[in-house]
Amino acid sequence: MTEFDAIVIGGGSAGLAFARKARDLGAKCLMIERDHLGGTCVNRGCVPKKLLWDVAWACVKQQASDERSVPPDFAALQRDIARKIETIRDSFRDDIDGAGLELRKGAATLDEHGRIVRIGEDAFSAPHIVIATGARPAALEIPGRDFAQTSDDVLGWTEIPDRIVFLGGGYIGCELASIFAALGAEVSIVDPGDRILAQFDADLAERARQILQTRGVEIRLGVAPQSITDTGPGLEVRLEDGTTLSGDRIVAAVGRTPNIDTFGPLASALRTAQSGALQIDDRFETSARGVYAIGDVADRLPLTPVATRDGEALARMLFDGSPAEPIDLFLVATAAFVMPPIAQVGETETRELATGADLSDGALVPEGHWSAATAHKVQRNAEGLLGAALMSETAADMITPFAGLVAAASGKDPVDAPTGVHPTFGEETLGR
């Protein structure tokens, strides 16, 4: 049996951050990944989505000034995105190979005590086992669910469907709906709640809903899907109010499920939180001693900057004697890449929305020219900034300095404590 100082299961943002920091601190570390390096973010999440968003947003701006605008060659665009993603994977492989961090490909299983890790017939052990297996799209629990696709499928499409129905109005459904509406598809969103983007400031979410509808997106709230059927020419979703929606593709965007059931006998013994993710203490340790969890599989905020910072913090705790320092989730900036994006950090809900609905109403845009809608909230007290919420073309970058100000008002380091939004330029300036 081969022994290591630490074994990390999963080569996504959290696992990579942990393994590289552990290696830099002199630990002998094994990383096990059954699929591509980079995890959801690089391969099936933020990176390909943001690359699609950039092109779709350019189409929105072009359409605003030129009715003759033509959608891009989507298959060629997807090939370009695939090449970009491969260069990122290559950079991860080069980093690992060049520094002696050991990588094994395959499906890992843990014994019931969390002490031995197996890949096929090979066995490995370490005093510290780190679970960083991420999450996957949640499945629908309705008849005909197999007809529905997920965000993983969407980001691999090579053509733009004529009609798409997104089941779920969270950030994944709304971001993808924004993108494909901008690229020319007829798009619908269905959500059983009373609003879209429930994770975000209610006023900005409402503004985003209005803009989506102005762009032709049909939004059905307060109604759940009951079944999906194949009608021959396409697919049909029956809703609980008796109405139906037809589409060439139906996309389930109903959340994500932590990958807890993928690593063998120990899985059923570990405690889980209400979120369904692994319960951890303030040292990232699960209910099994010596077994830790980071990233989307842990009961934290499922965002790349959180995964990265927690991975590095765990490595420092184990191999540098540093105190455990999970990132303060109140200082994590978040964004939804709708069109225009919305972004927020800290507390904003008790503040009224302040807005110039369109910059062209002022002196910043020449008369007769289009500009993206804007809106904002900035909430403060005697100590300083409590929070901010923004809607603008540059909101995902602009929110970064606000995160620093919120950190300062909380008595935290304004550069090291908060995070920016991934993937943006702003994130390069904080927490580095």
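Tutor: The following discussion concerns a predicted model, and each term will be set against its definition.

Student: Why is asparagine 259 called buried?

Tutor: Asparagine 259 has a relative accessibility of 7%. Buried means under 20%, so asparagine 259 counts as buried. This residue lies in the loop between strand E17 (256–258) and E18.

Student: What makes the link between the side chains of asparagine 259 and arginine 136 a polar contact?

Tutor: The two side chains are joined at 2.6 Å. The cut-off for a pair of N or O atoms is within 3.5 Å, where one must be able to donate a hydrogen and the other to accept it. The pair therefore qualifies as a polar contact.

Student: Which residues is asparagine 259 in contact with, leaving aside its neighbours within four places in sequence?

Tutor: Asparagine 259 is then in contact with Thr133, Gly134, Ala135, Arg136 and Val297.

Student: How do you know that strands E2 and E3 pair?

Tutor: Four bridges join strand E2 (residues 6–9) to strand E3 (residues 29–33). Pairing requires at least two bridges, so E2 and E3 pair. The two strands run parallel, and isoleucine 7 stands opposite leucine 30 in E3.

Student: What makes E4 and E18 edge strands?

Tutor: Five strands form an open sheet in the order E4-E3-E2-E8-E18, with parallel pairing. Strand E4 (102–105) and strand E18 (291–293) each pair on one side only. On average, neighbouring strands of this sheet are turned by 20° against each other, direction ignored.

Student: Where does helix H1 lie?

Tutor: Helix H1 (residues 13–24) lies across E2, E3 and strand E8 (128–131), and runs at about 160° to E3.

Student: How many cavities of 30 Å³ or more does the structure hold, and which residues line the largest cavity?

Tutor: The structure holds one such cavity. The largest cavity has a volume of about 40 Å³, and its lining includes Pro137, Ser151, Ile172 and Arg256.

How values were computed
Residues numbered from 1 in each chain as written. Predicted model: local features only at pLDDT ≥ 70, side-chain atom pairs only at ≥ 80, totals over all residues. Heavy atoms only, no water. Axes fitted to C-alpha atoms, helices over the stretch in contact; angles between N-to-C directions. Contact = heavy atoms within 4.5 Å. Buried < 20%, exposed > 50% of the residue type's maximum accessible area, 1.4 Å probe, protein only. 1 Å grid on protein atoms, 1.4 Å probe; cavity = no way out; pocket = protein on both sides within 12 Å on 5 of 7 lines; lining within 4 Å. Points joined across faces, edges and corners; volume = space filled by probe spheres on them.
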